[in-house]
Amino acid sequence: MEPKVTGLSPMTGPPGTKITVRGENLGQSSRDIISLTITGADCLPYLEWKSPKKIITRCAKVIGNGDVVITTNSGGVGTCDVQFNCYEEMVGPTDESAVWVDEIDHQTPVKENYNISSAIDEYSVETSSARFMPQLYLVRNHPDANLNDLEQLKRNLRTQLANKNNFEAINSDSNRSALLKSDLPVIMEFLLILERLSKVIMTSRDASIDSIVKSINEGLTKTHELFDPLLKQNNIVQSIESAMQVFKRKDGTFFNLPSAIEDSIQSINYSSIVKEISNVKSRLKIVDIDAELKDRIEKDLIKKMDKLRSTITEQLYDSCRSTKGDRSIEEVKKLITHLNQLGGNSFDVWIALEEMSNSLVKNLSEQFKHHLNLCLEESEQLNAKKLNDMSVFNTRKDPPPVVGFVKLAMNMFNSTYYDILALGRCYFDPKDDFACQEELVEERFAIFNDIMIARPVNDLCFLLRLALLSNFNEKVDVSLWPQYESQKDRYMNWLRHVLHKDWLRTILNCVITCQIQLSKSNLLPNANLPLEDFGKFAVELRRQSMEILFKNSTLTIKSLYHVENWVVEVDDELGSVTKLPTIFESNVVDILKFAKETILKKSKPDDVSILKNVAVQAELKELAYALINSFHIALDNALSSSEEHPAESSLILMASKGSTRVPSQLSNRLLITISNYQFTRGKIFPRLKDEFKKLLEINVEKVFEECSKKYRDYIDKAMNRFCAIKCKEFALESSSASSASSNHLRGSSKENGVQDNSDLQVNLMITNSQIFLIAPQLVDKLMPEIINRTLESRARVRL
């Protein structure tokens with residue numbers, strides 16, 4: 001808080017009057033007060049600090065009315081509600097003094113034009129010399145002195161001046177020197193009286209008073225000879241005292257200020273040192289020290305200030321370019337304030353806004369090019385065979401480069417864009433300390449709206465379209481993607497395969513979250529945020545994500561045959577069913593849940609689902625048909641797999657006594673496959689149809705009708721295949737039996753026929769048992785067909 005003087009006691013008096021000053025925030029201590037003037041005269045050497053509301057001082061030699069101005073480290077330059085009237089009071093040599101001798105103000109008389117900035121040889125380091133120079137004395141004798149040493153030196157100098165003088169006029173009596181020094185104001189008044197009296201006598205000259213004039217002139221000359229050297233040395237002492245008072249500060253001196261600046265640069269603590277520099281600059285204007293010394297201090301200070309300014313500027317630009325999300329708008333404003341306090345070229349918030357906007361756009365493009373190269377390298381390494389094998393992608397743990405780009409781009413955008421908006425609100429708020437100049441508001445707001453608000457969103461949207469959408473048809477700059485035309489098809493083919501559910505979820509969540517945040521942005525009035533374009537991109541991304549999800553899931557379902565182990569999980573009216581149909585159902589339900597929770601997730605309450613679009617509904621039904629129908633490929637691949645499983649041995653039935661025929665492994669698998677088809681068609685399909693309606697709110701009745709017809713055809717083909725296999729087995733066995741009979745049996749044809757029919761009956765019984773064991777619901781359908789085919793075959797043979 002700035003100091004404020006509200007009362008003086010007394011409010012009038014001559015130079016040397018003891019004054020009690022009352023007010024608010026009058027410093028935390030005597031060292032906190034760096035300047036005290038009354039009617040423009042420096043009164044800091046006489047300061048007695050009592051409390052933040054009371055100080056005591058004396059009025060210096062000055063005439064007239066004026067303010068009492070106090071400057072502190074903690075509050076700066078103060079104000080004053082009252083004035084002090086200092087008047088000239090004539091005190092004769094024989095008049096009684098109103099104060100004690102030791103309370104008389106040791107005033108500094110009007111100083112001569114005493115220039116000590118000439119050649120150094122003109123001065124001396126002897127304290128008793130009239131040419132004594134305190135700066136030279138400190139440099140030569142005490143170059144490493146600290147503040148305490150200088151305090152002690154001051155006390156020693158005062159003692160020497162009081163007790164040891166080399167002037168002949170006072171050498172005989174040291175007490176006389178002390179007395180003259182303490183009565184200095186009276187002596188000065190006496191000199192003034194003598195000068196005035198001399199002027200009066202010269203204007204009205206009379207021979208009778210020549211002797212008096214002569215005596216007065218002699219007295220005046222003698223007085224000057226006696227006191228001029230003493231007054232000159234007293235000026236030097238007063239200069240040292242004034243400088244020492246200025247140097248008394250809680251956080252350092254002129255001497256340690258450069259090192260304090262270095263420490264602040266290392267510790268990144270700018271606030272205190274910038275304020276300190278400002279205070280030092282103001283004190284340098286009022287402190288009474290040698291011009292050469294002041295010039296040296298100022299040059300060193302300017303050098304350190306330039307380094308500090310350079311460091312703060314570099315930190316400000318680093319903060320503006322940062323993509324880590326650790327930027328603080330308040331810290332940016334502080335750095336700008338520090339730069340302006342240090343002087344030099346003024347630093348406007350607009351420069352920070354431009355830097356943040358340009359760096360955001362540049363960083364987004366650079367990250368896209370970097371991740372694009374990674375994507376192209378990976379797509380080259382995967383040939384067509386691997387692209388069709390979803391296990392290559394489903395087992396992947398590290399995210400594809402395109403996912404890394406989306407996450408990084410969103411983090412960059414979120415960490416910078418909303419800081420631009422926040423800083424822009426400050427800049428265009430006329431009440432803010434960092435407000436734009438009124439004459440520039442219209443021009444710069446147009447630039448801010450087009451370049452700093454719209455461009456980053458448009459660029460982000462463009463790069464995401466280019467990286468994620470297969471229907472992207474905009475012109476691509478060569479510097480961004482040099483071989484776009486020749487590489488885009490391979491890239492999109494790789495992209496469709498690599499984005500399984502986990503990575504799709506990551507991308508969609510990033511985009512939808514960004515869309516939600518943009519819709520909630522606190523924009524300036526009349527600002528134009530391109531939300532519509534970003535919204536269109538989000539819809540296109542959802543649409544393509546649905547396509548990728550269903551197509552990749554279709555490939556996954558086709559590869560389910562790998563998990564078939566032919567262990568019967570369900571044994572009911574639909575026969576022996578393995579786990580494959582339930583795995584298929586689980587996969588489809590997971591897909592539908594993912595679509596509802598991720599792809600169809602609303603960015604705002606009034607969002608319209610993409611499934612309300614008729615074209616999207618048609619696309620989804622086609623995808624659903626392909627997905628459901630793909631399961632028969634898994635069943636067929638499992639059927640034809642050459643891999644043997646332990647569970648299949650329990651399905652093998654021995655034939656009649658003496659027979660070595662064992663039902664084939666393929667026929668057993670066919671029966672289980674038919675049961676799986678029927679279980680899927682009869683129980684899985686109705687449940688999945690309900691899930692589509694519940695989760696996606698879409699009617700897929702016709703889709704499942706078509707799939708049901710297809711599965712009926714697959715069942716008929718499998719049954720025909722089973723019957724064909726059995727008939728072939730019977731025919732081969734009959735042929736083998738006939739051959740054996742002709743070579744080893746000698747009987748009638750009637751006996752051979754009886755034996756042949758007996759073998760057929762045994763085979764039919766074994767086949768019936770096989771079917772009944774695995775798929776009892778198929779006995780009535782398969783056995784008549786097998787018998788008819790077998791009889792027809794034998795009839796053709798007889799003919």
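Student: In which helix does Q770 lie?

Tutor: This is a predicted model, in which local features need pLDDT of at least 70 and side-chain atom pairs count only at pLDDT 80 or more, while totals for chains, interfaces and linings use all residues. Residues are numbered from 1 along each chain as its sequence is written, and side-chain values use heavy atoms, with hydrogens and water left out. Helices are DSSP runs of H or I with at least four residues, strands are DSSP runs of E with at least two, and both are numbered from the N terminus. On that numbering, the run of residues 749–774 that holds Q770 is helix 23.

Student: Is Q770 buried or exposed, and how far in space is Q770 from N668, C-alpha to C-alpha?

Tutor: Buried means under 20% relative accessible area, exposed means over 50%, and partly exposed lies in between, with a 1.4 Å probe and protein chains only. Q770 has a relative accessible area of 1%, so Q770 is buried. Q770 and N668 are 102 residues apart in sequence, yet their C-alpha to C-alpha distance in space is 7.8 Å.

Student: Where does D398 lie, and how far in space is D398 from W503, C-alpha to C-alpha?

Tutor: D398 is placed in the loop between helix 12 (391–394) and helix 13 (401–427). With a relative accessible area of 44%, D398 is partly exposed. D398 and W503 are 105 residues apart in sequence, and from C-alpha to C-alpha their separation in space is 9.8 Å.

Student: How are the axes of helix 18 and helix 20 arranged, at what crossing angle, and which residues of the two helices make the contact?

Tutor: Axes are lines fitted to C-alpha atoms, for helices over the stretch in contact, and angles run from 0 to 180 degrees between N-to-C directions. The axes of helix 18 (residues 580–599) and helix 20 (residues 631–640) come within 11 Å and cross at roughly 150 degrees, which makes helix 18 roughly antiparallel to helix 20, a term for angles over 145 degrees. Contact means heavy atoms within 4.5 Å, and here the contact is made by L580, P581 and F584 of helix 18 and by F631, A634 and L635 of helix 20.

Student: What span does helix 15 reach from its first C-alpha to its last?

Tutor: The expected span of a helix is 1.5 Å times one less than its number of residues. For helix 15 (residues 484–498), with 15 residues, the expected value is 21 Å, and the span reached is close to that. Its buried residues include Y484, Y491, W494 and V498. From the first C-alpha to the last, helix 15 reaches 20 Å.

Student: Which peptide bond is cis?

Tutor: Most residues other than glycine have a negative phi, and most peptide bonds are trans. P10 sits in the loop between strand 1 (4–9) and strand 2 (12–13). With omega near 0 degrees, the cis peptide bond is the one from S9 to P10.

Definitions and conventions. Parallel < 35°, antiparallel > 145°, perpendicular 65-115°, else oblique.
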